[in-house]
Amino acid sequence: MPHPSRPRRLLALATDNWPARAYLGVVGVSFAAMFLSPESPVATAPLVLTAPLSLLGIVLPFGPGTEGGGTAQGLATGSWTVWVVLCALVNAAVIGALMTRKSAAPSTTTPATRSARLRDLLAPAVDNWPARVYLAAVTASVVFFLCAAYVLPDPGFAGVWPLITTAPLSFVPLAVSIPAELPDLSWLSPPLFAAGCALCGLVNAVLLGRLAHRLRVREAHPAT
């Protein structure tokens, strides 16, 4: 029996369970709210809900609000919408991959130790190329941020890159690292933010790796 293509398996993972479908429904509602209230803060909801991939689209020279009007603006908005929808499908497929459990074969080996379980848990972050490339991007963004914070005279918006690369979880270390009304601890903010983003990147890499595992072609060998 022929196996479905990877796009079809991706679509199946994104739609064949209730958590993934619920996520897609929330994204759909956020799109409706964005078009109904384009000037309000809720207009950013689709970007946040489909992070981190959707946030990478900010480097593209087009999107909602592209100058020129008419056909150019329509094509830019349409391309951006297609990109965000694809990002939503990837995120939904990640949720679907988490909900799909591997069939456990009976084993006579001794129970795994805690370190072995941890290695098995983190293995998807490094045993496939999509997760490795993503981890390389996270590492580059975090290193650039630390260099900008401690070496460059003006770090500017260097923190935006690790924030985007490891979103949406990175908004948690961002909130934690802001030394609100504690100026004496401001030196702690950059390393705390960098460590938090690195941890968020690791979590995202594990999720991406699990999705890559689910999308691999598994050849079925019928019993003879």
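This is a predicted model: local features need pLDDT of at least 70, side-chain atom pairs count only at pLDDT 80 or more; totals for chains, interfaces and linings use all residues.
User: Buried or exposed?

Analyst: S170 is buried, because its relative accessibility is 0%.

User: What does the side chain of S170 reach?

Analyst: The backbone oxygen of L163, at 2.7 Å.

User: And which residues is S170 in contact with, leaving aside neighbours within four places in sequence?

Analyst: P162, L163, F193, C197 and C200.

User: Let's stay with F193. Which helix is that in, and what aromatic partner does F193 have?

Analyst: F193 lies in helix α9. Its partner is F145, which lies in helix α6. The ring centres are 5.2 Å apart, with 80° between the planes. That pair is edge-to-face.

User: How far apart are the parts tied together by that pair in sequence?

Analyst: 48 residues, with F145 in α6 and F193 in α9, so the pair ties together those parts of the chain.

User: Are F145 and F193 buried or exposed?

Analyst: F193 is buried, with a relative accessible area of 5%. F145 also counts as buried, at 12% relative accessibility.

User: Now the helices themselves. How do α6 and α9 cross?

Analyst: Helix α6 covers residues 129-150 and helix α9 covers residues 189-215. Their axes come within 9 Å and cross at roughly 170°. Angles over 145 degrees count as roughly antiparallel, so α6 is roughly antiparallel to α9.

User: What classes of residue make up the contact of α6 with α9?

Analyst: There are 20 nonpolar and 3 polar residues in that contact. No charged residues take part.

User: What about T139? Where is that, and how exposed?

Analyst: T139 is found in helix α6. Its relative accessible area is 47%, so T139 counts as partly exposed.

User: How far is T139 from C197 in space?

Analyst: 9.5 Å, C-alpha to C-alpha. In sequence, T139 and C197 are 58 residues apart.

User: Which helices hold F31 and W80?

Analyst: F31 is in helix α2 (residues 18-36), and W80 is in helix α4 (residues 70-99). They are 49 residues apart, and the pair links distant parts of the chain.

User: Buried or exposed, those two?

Analyst: Both F31 and W80 are buried.

User: While we're at α2, how does α1 pack against it?

Analyst: Helix α1 (residues 6-15) and α2 pack at an angle of about 90°, with axes 6 Å apart. That makes α1 roughly perpendicular to α2.

User: Which residues meet there?

Analyst: From α1, L13, A14 and T15. From α2, A20, R21 and L24. By class, the contact of α1 with α2 has 4 nonpolar, 1 polar and 1 charged residues.

User: Big picture. How many helices and strands?

Analyst: The chain comes to 9 helices and 0 strands.

User: How much of the chain is buried?

Analyst: Buried residues make up 31% of the 224 residues.

User: And what share of the contacts with a separation of 6 or more comes from residues 24 or more positions apart?

Analyst: 71% of them.

Notes: Residues are numbered from 1 along each chain as its sequence is written. Side-chain values use heavy atoms; hydrogens and water are left out. Axes are lines fitted to C-alpha atoms, for helices over the stretch in contact, and angles run from 0 to 180 degrees between N-to-C directions. Helices (H or I, at least four residues) and strands (E, at least two) are DSSP runs, numbered from the N terminus. Angles under 35 degrees count as roughly parallel, over 145 as roughly antiparallel, 65 to 115 as roughly perpendicular and the rest as oblique. Ala, Val, Leu, Ile, Met, Phe, Trp, Tyr, Cys and Pro count as nonpolar, Asp, Glu, Lys and Arg as charged, and the others, Gly among them, as polar. Buried means under 20% relative accessible area, exposed over 50%, partly exposed in between (1.4 Å probe, protein chains only). A polar contact is a pair of N or O atoms within 3.5 Å; within protein, one must be able to donate a hydrogen and the other to accept it, and residues adjacent in sequence count only if both atoms are side-chain atoms. Contact means heavy atoms within 4.5 Å. Rings of Phe, Tyr and Trp (its six-membered ring) pair if their centres lie within 6.5 Å; planes under 30 degrees apart count as stacked, over 60 as edge-to-face and the rest as tilted.
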